[in-house]
Amino acid sequence: MDLSNYQCKGLYDEMFQEDGICRAHYHPFEKLLRKTHPKKLKQLQFSANKSQLAMGMTFNVYHNEEGLEKILHLDVIPRIIPNAEWLQLEAGLKQRINALNHFIQDIYNDQNILNDGIVPRDLIENSKDFLKPCMGLTPPKGIWCHITGTDLIRDKSGEYFVLEDNLRCPSGVSYMLESREIIKRAFPNILNKTGVMPVSNYPTRLLEMLKNLSVKDKPVVGVLTPGIYNSAYFEHSYLALQMGAELVTGEDLIVRDKKVYMQTTQGFEQIDVIYRRIDDTFLDPEAFNPDSLLGVPGIFEAYRAGNIALANAPGTGVADDKAVYAYVPDIIKYYLNETPILNNVPTYLCRKPDDRQYVLDHIEDLVVKETNAAGGYGMLIGPKSTPEEHEKFRNLIKTNPDNYIAQPTLNLSTVPTLVDDSVECRHVDLRPYVLYGEEIDVVPGALSRVALKKGSLVVNSSQGGGSKDTWVLY
Amino acid sequence: MLSRVANSIYWLGRYLERAENYARFIDVNFNLMLDLPPGLKAQWEPLVLATGDHAHYVKSHKDFDKRSVIFFMTLDRSNPNSILSAITYARENGRIVREHLSKETWEKINGLYHMLNNTSERKIWGKKDPRSFFEDIKYQIQLLYGLADTTVARTEGWYFRTLGMYLERADKTSRILDVKYHMLLPSPQEVGSPLDFLHWNALLKSVSAFNTYRRLYGTIESSGLLEFLVFNRRFPRSIYFCIKEAEDCLHMISDSQNYDFKNSAEKEIGALRSKLAFSDIADIIKDGLHESIDEIQQKINVISSEIELSFFQIKQPSFTQNQSQS
């Protein structure tokens, strides 16, 4: 593969420096890439796609009448992260999760941070993710956010910034795991040569973490899924399979005497720990959204009584609000008295009059996001939008300022990506996964999401993004 | 095992077996038609009659021509029993219980689904002879059985899938016999004629039983053949064999003794098994072939609903009882 035409001027590229010289940690892979014929590379890409389809690694499936299933395109060229850089990230993530966990515990109990005026009280108490029923609650071992999938990006200078914390039900970890298996087959020898840390023990660590939440010796562990029509169903069943846990839906469960039971062919069996992949408010129609058919009536009572452990704990979503995000550096300082290792993207809160004015004046340069939306919906990318769209968002912000934040458009770093017969640069983000069990544990790998369209900054799978295997080096 | 999971595994077993049997039906009928004496009209209607989808078929079709019938039974999405529908349901059930399947099993089911789903109609129907296509389906399903046989632990899930498979197979063998009933001979004098003989041959081949039958019974004649396909103790597609195996599965699931029962499903299947065990060909001739088969099919349906009630449905009352006892 000829890489001489690779262009990444003015951007931070993961593989090449500005002067076109390949970064040291990519050397073994570069050698391999240059040796590989474009045809061969295309073949590898073809078989990667095929294995994803064969495995049923598909998403957003049954809405389509034709039964057409989409795979999350996996680009065969990996993204590589050198060890020193990773250690820094790891330390930053641990610090952040630690602080956020303190924050959630505090919010639902003493509320010191609100009393001290560090975070505005109304911001928390008006948030739809603030669950009043959780007041006064301390989950098993004081852990709220057991599984986090933090989104990070790098700007022009190569510095990492946290984009989102994703404390609710972050998905994509199954893609991280299966992508590695596929790439191992595509490039069998290079992983060894490069020295790539394995990710395959994630399910074991996840299971350990979940078991840790029960006082029983052999707790019954389940993964709670909304069912096969959910776009992340592949992941739910994959994780249950890998852990040897039960995959359960709401209709399999029943609560009696504040205990949760599974309906089996031999009668009812108690379940002790649930990794729930249903959003907070759908968990229990008795405690939260009464219209939800996905959840289990009474499970929250069982949870309060300490008879079932839930991961992530209900209520964690409050720390995941895009407006709360702006306060995370303050949260870190408040609870840990430390300087944040990982920075936030500068964020304007439209609820603050000064910030709001700035956003209204500079909307064409900013990215505007709804505080509670996910998946790349409900947002405006200023530089790529029309004056009409700017005006529309100005009005939305004026009507409901609390609902919006804005951030400067960042030039996400790029990474070489196979496009037809050539390799071109595409923007990329990074989602590592953090488990909070006996201690906080960052898996040495990540889901790197790539914007497949040239120049596009949107990497969400729901918006046509692809993914990359991410190699963290020893 | 979760009731929902058991339900899916049971239906996975049934749908796979259904798809395989449909492939057999069509394949054999196709073969048979090639052997017909000139001037005799090919008969495709009996196939539709035997599958029980006649009413559905005539809603959208006038003629029972080869092309329409094969399409209806193979790729017609509007027919819930077509091969494509059966494989789609099998896969959907597989997806639901994927964490209980081996990787290979899931990938084979998934692959079969994609094969059926992606083959454009024209590609198959453009060909004059689609037999290799049906053979392929048959073999892919047999491969799944082989994989299961050597890799799946004999725990509850195994018995639920096997139960589904045998009940479906018993039903389909009975329907294959029914094809012969519907396959009209030009006149009563033709009974025992070469044409009659051809029909019976085709029937045996559809259950891969021609050689076995020849060795065990010799002459091809209706009474021997009926005995073989209904009562034979050792042939894995005979109705008795399938019912007996299904009963054993139920005993394993409920952990009850042979010749005993703990629930209504076991009770019903035990009754059918003993009726078959203590009947012979004379009883069938007395009651009439079609009538006897019809009765067997109805009993299989009853067993099926009792399985549903005994294992798959929410049993809140019994839960409360258990609780108060403890």
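Mentor: Let us begin with chain A, whose domain assignment gives domain 1 (1–112 + 146–199 + 415–473) and domain 2 (346–408). The model is a predicted one. The centres of domain 1 of chain A and domain 2 of chain A, taken over C-alpha atoms, are separated by 28 Å.

Trainee: Why is Gln357(A) called partly exposed?

Mentor: The relative accessible area of Gln357(A) is 42%. Buried requires under 20% and exposed requires over 50%, with partly exposed in between. Gln357(A) is therefore partly exposed. Gln357(A) is found in helix α13 of chain A, residues 353–361.

Trainee: How far apart are Gln357(A) and Lys398(A) in sequence and in space?

Mentor: They are 41 residues apart in sequence, and their C-alpha atoms are 9.8 Å apart in space.

Trainee: Turning to chain B, how do you know that its radius of gyration agrees with that of a compact globule?

Mentor: For 326 residues, a compact globule would have a radius of gyration near 20 Å. Chain B has 20 Å, so the value agrees. Along the principal axes, the C-alpha atoms of chain B fill a box of roughly 75 × 50 × 40 Å. Of the 326 residues in chain B, 57% are buried.

Trainee: How many helices and how many strands does chain B contain?

Mentor: Chain B has 17 helices and zero strands. Among its contacts with a separation of 6 or more, 64% are between residues 24 or more positions apart.

Trainee: How is chain B divided into domains?

Mentor: Its parts are domain 1 (1–152) and domain 2 (154–313). The contact takes 33 residues from domain 1 of chain B and 35 residues from domain 2 of chain B. Taken over C-alpha atoms, the centres of these two domains are separated by 20 Å.

Trainee: What can be said of the surface and the charges of chain B?

Mentor: Chain B exposes about 14600 Å², of which carbon and sulfur atoms supply 52%. It has 41 positive and 41 negative side chains, and the centres of the two sets lie 5 Å apart.

Trainee: What makes Asp171(B) a buried residue?

Mentor: Its relative accessible area is 4%, and buried means under 20%. Asp171(B) is therefore buried. Asp171(B) is found in helix α9 of chain B, residues 156–182.

Trainee: Which residues is Asp171(B) in contact with, leaving aside its neighbours within four places in sequence?

Mentor: Asp171(B) is in contact with Gln297(B) and Ile300(B), with those neighbours left aside.

Key: Residues are numbered from 1 along each chain as its sequence is written. Chains are lettered from A and ligands numbered from 1 in the order in which they are written. This is a predicted model: local features need pLDDT of at least 70, side-chain atom pairs count only at pLDDT 80 or more; totals for chains, interfaces and linings use all residues. Side-chain values use heavy atoms; hydrogens and water are left out. Helices (H or I, at least four residues) and strands (E, at least two) are DSSP runs, numbered from the N terminus. Buried means under 20% relative accessible area, exposed over 50%, partly exposed in between (1.4 Å probe, protein chains only). The radius of gyration is taken over C-alpha atoms; the globule rule is 2.2 Å times the number of residues to the power 0.38. Contact means heavy atoms within 4.5 Å. Accessible areas come from the Shrake-Rupley method with a 1.4 Å probe; for residues, only the protein chains shown count as cover. Lys and Arg count as positive and Asp and Glu as negative; His and the chain ends are not counted. The place of a charge is taken as NZ of Lys, CZ of Arg, CG of Asp or CD of Glu. Domain bounds come from an automatic or database domain assignment.
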